[in-house]
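Subject: Structure handover

Hello,

Here is the structure for your files. Please open it alongside this note. My findings follow below.

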Amino acid sequence: MLPDLPHLHGAEVSMLRYKPERRFVAGLNVDGQPAALLKHYEARAYEPARDAAGRFSSRGALRVPTLLGRSTSRRVLVTEWLPGRDLRRALPDPDLDLAAVQELGRALAKLHSRNPRRLSGLRETTGDQPLKAAAAAVTAVLPSLSLQARRLSRQLTRALAQVDTPRTAIHGDFSAEQVLVGQHGVALVDFDAAACGDPDSDLGSFIARLHWDVLEVTLTSARAGAVRDALLGGYGAARPSWTPGQLPVHVAAHLLRLAPLPFRQRLPDWPERTGALLELASELLAQRKGAL
């Protein structure tokens, strides 16, 4: 896979994350230091990840890892290792300057400015399927919330169908976990879910994850609000024509998509957290404008 990078041929493989039968992620270490990132995919996930890999490049405020090599027969991608601190872990730190989050907003705006027609091979977002899947998952584990989850899925599907936003290249799984911060600025990583879609979906995904962190008590509501405002401030400055008109709908949609997560993570109070996510999504959808 890496004929032109002989220094990686004897690299030590160090596991970072493993989801059985889904994905294996490892660092390739040289002399004890990370030098590249290796991802091994299950069959269905490899093709979209391969198609997205290498289609984004660093430009201005946008910094992304470079694709170094791949093996389609083995379903493996190898990318550049970017140094930095996981933004999700850094957010609770009061010493973190939120100017970094504003810079992230500008970087995301740069990503969304890419013409998707020049990124041939990117898949289209899948419409209402993720919402239906989330509602079905909630129904399977908490039948008492089935009616609420399915009704919310239908309402969100109708609301999103009324949103008329030009489709752009999007990250597809945007959250603080997919961002590195450090002395070289901010970097966006993990483009496995990259697609052509509504750019507000990326913003909605990030903000929904902030709500999740508040529920997990890893962020205070005040800190989450300040992070959200910094992100939107940087994004809006880089895209002056953008307005957050339908953004609450996207936040609500991603909250519904998060609803199966408490059960999936085996949290002791998963029924209560699932209900809280559905309630918050319903409130945002009812209030719409001005509520994030």
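Helix α6, residues 200–215, gives the most to the lining of the largest cavity, with 4 residues. Keep in mind that this is a predicted model. The space in the largest cavity comes to about 40 Å³. How many cavities of 30 Å³ or more does the structure hold? The count is 1.

Next, the second largest pocket. Its volume is about 200 Å³. A total of 13 residues line the second largest pocket. Nearest its centre are T165, P166, D200, W242 and T243. The lining of this pocket splits into 5 nonpolar, 5 polar and 3 charged residues.

Now the helix pair. Two packed helices are described by the angle between their axes and the distance between the axes. Helix α4 covers residues 129–141, and helix α5 covers residues 146–161. Their axes lie 8 Å apart, at an angle of about 175°. Angles over 145 degrees count as roughly antiparallel, so α4 and α5 are roughly antiparallel to each other.

Which residues of α4 and α5 meet? From α4 come L131, K132, A135, A136, V138 and T139. From α5 come S146, A149, R150, S153, L156, T157 and L160. The contact of α4 with α5 has 7 nonpolar, 4 polar and 2 charged residues.

Last, the whole chain. The secondary structure of the protein chain comes to 10 helices and 11 strands. Its radius of gyration is 19 Å, close to the 19 Å that the globule rule gives for 292 residues. The protein chain is therefore as compact as a globular protein of that length. Along the principal axes, the C-alpha atoms of the chain fill a box of roughly 55 × 40 × 40 Å.

Best wishes

How values were computed
Residues numbered from 1 in each chain as written. Predicted model: local features only at pLDDT ≥ 70, side-chain atom pairs only at ≥ 80, totals over all residues. Heavy atoms only, no water. 1 Å grid on protein atoms, 1.4 Å probe; cavity = no way out; pocket = protein on both sides within 12 Å on 5 of 7 lines; lining within 4 Å. Points joined across faces, edges and corners; volume = space filled by probe spheres on them. Nonpolar A, V, L, I, M, F, W, Y, C, P; charged D, E, K, R; others polar. Axes fitted to C-alpha atoms, helices over the stretch in contact; angles between N-to-C directions. Helix = DSSP H or I, 4+ residues; strand = E, 2+ residues; numbered from the N terminus. Parallel < 35°, antiparallel > 145°, perpendicular 65-115°, else oblique. Contact = heavy atoms within 4.5 Å. Rg over C-alpha atoms; globule rule 2.2 N^0.38 Å.
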